[in-house]
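I opened the notebook today to look up salt bridges. Here is what I was working from.

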Amino acid sequence: MLDRKAGICAAAALLFGIVTLLARGQDYGRSVARPSAVEYLFPEQVTVPAGKASPVALHFRIAPGLHINSHTPREDFLIPTVLSIPEGGGVRLEQASYPAGTDFVLPVDPKTRLSVYTGEFVIQARIVAAAGDHMVEAKLRFQACDQNACMPPKTITVPIDVIGK
Amino acid sequence: MKRNSLVSIAVLFILAVFAWAGWANFEYRKQAAERLLANLAQGELVVSADDGAAHFLSPLQGKPAPAFTLEDLSGKKVSLASYKGKAVLINFWATWCGPCKLETPWLVDLRNHYAAQGFEVLGISADDLDRDDPAKLGMEKKEISRFVQQMKMPYPVLIDGGSLSKLYGGLDSLPASFFVDRNGNVVAAQLGLTSKDEIEGNIRKALGAGK
């Protein structure tokens, strides 16, 4: 009888310990996450013919109040938005077509027109996938600003499950 | 007997889990404290009683400017301490920063105007430097140098500003300017593009000339 009680107590304590740990882990994960200026929206998964260049439209969203340079900024000092796929993952980026930037003028400098993306934008990628299931971690490099200040250039991961059939 | 052994193992396991939970909790608290410190160092926008406008209030204000020694583009080491006795504007910028490019001509004008009164600007580039790749590092320095020449910056330009990030409140966005008086204390700070008038007012404050 005593052993049974001890067993129940032990199980309860074990459960309590695990729950505490999980709660800590979740809380910590939530508090360190900082929102990115650019968020990848979709697709999460695509199926393409294996070995054949196939179009995939990648959708992104820029945080309100911010803009990022387009793929073709007008000044060569500015950092363009560029999509890439690391080599060796079974999926190759053959080509990426970027949307044209929209004009953006800073209030203090009405003469200078910047070429930027705001809100949502789509990159039309052409990818070639080997046969099989590939968890691709494409990269989007960009540099974001608001009307008065700029953030350092950043590269985010664009996770896509590519199935080559 | 077998049951007793099982209970003992379970108790030991639970103790191990608690020890682990305690360690995780300690790490969590330590990291939370570090995050709090970092946030405190980042400053905030406050509305001035003088003009009703929002100004960036840095926690460095009223305190000695954190000391540093950085290289200029020629590799010469330059330290903030060597400017003691002068009013200094520490301006963090980067080649990719549009607003920095807009304010630089203002800084050049103001530096030339107030230099005779004992004022200097230290332009600190926050462009990333690839120290492990000499070829890339050379190109990055060349790019900074091209910007400096294009903007005709007459004041010392130092590189590797990112290494001062923690000391100067994160530098999460640029431009960021700190105005240091002749005694080495921060008297004002600005985050982002403001106006030439506001910069001049802060330079005069650093010089001890009032607004």
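First, my criterion: I call a pair a salt bridge when a side-chain nitrogen of Lys or Arg lies within 4 Å of a carboxyl oxygen of Asp or Glu. I also keep in mind that this is a predicted model.

**Entry 1, the count.** I searched the whole structure and found twelve salt bridges over all chains.

I looked up A:Glu75 and found its salt bridge with B:Lys101, with 2.5 Å between the closest N and O atoms. Why does this pair join two chains? A:Glu75 sits in the chain A loop between strand S4 (67–69) and strand S5 (82–84), while B:Lys101 belongs to helix H2 (residues 98–114) of chain B, so the contact runs from one chain to the other. I then checked accessibility: A:Glu75 is partly exposed at 26%, whereas B:Lys101, at 18%, is buried because the cut-off for buried is under 20%.

My next pair was A:Arg126 and A:Glu94, whose side chains form a salt bridge at 3.8 Å, N to O. Strand S9 (residues 120–129) holds A:Arg126 and strand S6 (residues 91–97) holds A:Glu94, so I noted a link between distant parts of the chain, 32 residues apart. Buried or partly exposed, I wondered about A:Arg126? It is partly exposed, with a relative accessibility of 31%, and A:Glu94 is partly exposed too, at 42%.

I found B:Glu120 in a salt bridge with B:Arg111, where the closest N and O atoms are 2.9 Å apart. Both of these residues are buried.

Key: Residues are numbered from 1 along each chain as its sequence is written. Chains are lettered from A and ligands numbered from 1 in the order in which they are written. This is a predicted model: local features need pLDDT of at least 70, side-chain atom pairs count only at pLDDT 80 or more; totals for chains, interfaces and linings use all residues. Side-chain values use heavy atoms; hydrogens and water are left out. Helices (H or I, at least four residues) and strands (E, at least two) are DSSP runs, numbered from the N terminus. Buried means under 20% relative accessible area, exposed over 50%, partly exposed in between (1.4 Å probe, protein chains only).
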